Amino acid sequence: MISVSVSQKQVVLNFFDDDIHIVKKYFNSIGFDFNEEFRFDVFKEFIYSAAGMFKDLDSTIYNQELVTKFNTIRRLNQYYAEFEQRSSHALRVYMKDFLGSQEAYIEEKKKFDSLKAELQMLISKEQTFTAKRELMEEQFKIIASDKVESFEIDLKKVRREQVDTIHMIGTHRSELDTRFHNLKAFEDLHKEEFLYHFNEVKEKLAYQYTVSLNYFGFDFNKALFLNSERSGPIQRFKREAGIQGNIDLCKYVEYYLRNVVPEALADRSHRERLFNAKRYCERHKTH
């Protein structure tokens, strides 16, 4: 039985170590002054669109605080995208990181690979002996009588070496099969527990990333529209766009939906985000 040198849980924690430290920094900074229904993944497109438009209209609204808030969501969103990419191949992580950290497994794998290479050499050697024996057996039929005895000794030697090689092939195959089943048994035995820990940590981190993005996205969005109220060019845009009262994200969404081109609705995921944003804003108005 192959022993475990590093536990499944520890390998998972090592794999997600950077994400754990990153998300801890942001998640622990979350305040309670934001609408928990707000979803960054739904509003990201509108937030970036409004941020870009307002910057074009009046770049002076971007003081250091607002720039810092924008950089926070952009950086956090990038971290989350990288996390999703890396965490989407659990079995690959199991094979590379978990199995690759097991000393006894690695040693057994080395022995298996070495034995496999030796077996291939023995098979090639046996094929050489077979070809040589068959050729000598044909030559034996026509050899001169005074050379029969010595030739027969050489032929017997080739046959004996071939038999020895066949025996070694059988021994190697038997040992190779045993080591293969040892490796396979180890892989199968620990896979389920590894995947359990992997998915448990992944789900927790995904939740913390999502909530962090929701909070910091809401925080930037709130600051952006508050700053816009002090901007003459943006207030002029608001009047020309027919936006009544203080501009906020939902009023910007309404403006966006009024001006969206039909082609943009052809993409299903884009269309769903638009409708989810609209539903959020309708609920938000109600409350």
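**Exercise 1. Find which residues join E65 in a network of salt bridges.**

Solution. E65, K69 and D219 are linked in a network of salt bridges. The criterion is a side-chain nitrogen of Lys or Arg within 4 Å of a carboxyl oxygen of Asp or Glu. The structure is a predicted model: local features need pLDDT of at least 70, side-chain atom pairs count only at pLDDT 80 or more, and totals for chains, interfaces and linings use all residues. Residues are numbered from 1 along each chain as its sequence is written, and side-chain values use heavy atoms, with hydrogens and water left out.

**Exercise 2. Describe the spacing of K184 and D188 in helix α7.**

Solution. 
- The two side chains meet in a salt bridge, at 2.9 Å from N to O.
- K184 and D188 are four residues apart in α7, about one turn of the helix.
- K184 is partly exposed at 36% relative accessibility. D188 is partly exposed at 39%.

**Exercise 3. Identify which residues touch the most other members of the largest nonpolar core.**

Solution. 
- Apply the rule: a nonpolar core is a set of buried Ala, Val, Leu, Ile, Met, Phe, Trp, Tyr and Cys residues joined through side-chain atoms within 4.5 Å.
- The largest core has 71 residues, and F43, F46, F220 and L224 touch the most other members. Helix α7 supplies the largest share of this core, 19 residues.
- Follow F43. Leaving aside neighbours within four places in sequence, F43 is in contact (heavy atoms within 4.5 Å) with F38, L249, V253, A277, Y280 and C281.
- Another core, of five residues, lies apart from the largest one; among its members are F129, M136, F151 and L155.

**Exercise 4. Work out which element gives the most to the lining of the largest pocket.**

Solution. 
- Define the pocket. On a 1 Å grid over the protein atoms alone, a pocket is an open set of points where a 1.4 Å probe fits, with protein on both sides within 12 Å along at least five of seven lines; lining residues have an atom within 4 Å of a point.
- The largest pocket holds about 300 Å³ of space. That volume is the space filled by probe spheres set on the points, which are joined across faces, edges and corners.
- There are 14 lining residues; N221, K222, D248, L249 and H284 are the closest to the pocket's centre.
- α7 (148-228), α9 (249-259) and α10 (268-286) each give two or more residues to the lining. α7 gives the most, with five residues.

Notes
Buried < 20%, exposed > 50% of the residue type's maximum accessible area, 1.4 Å probe, protein only.
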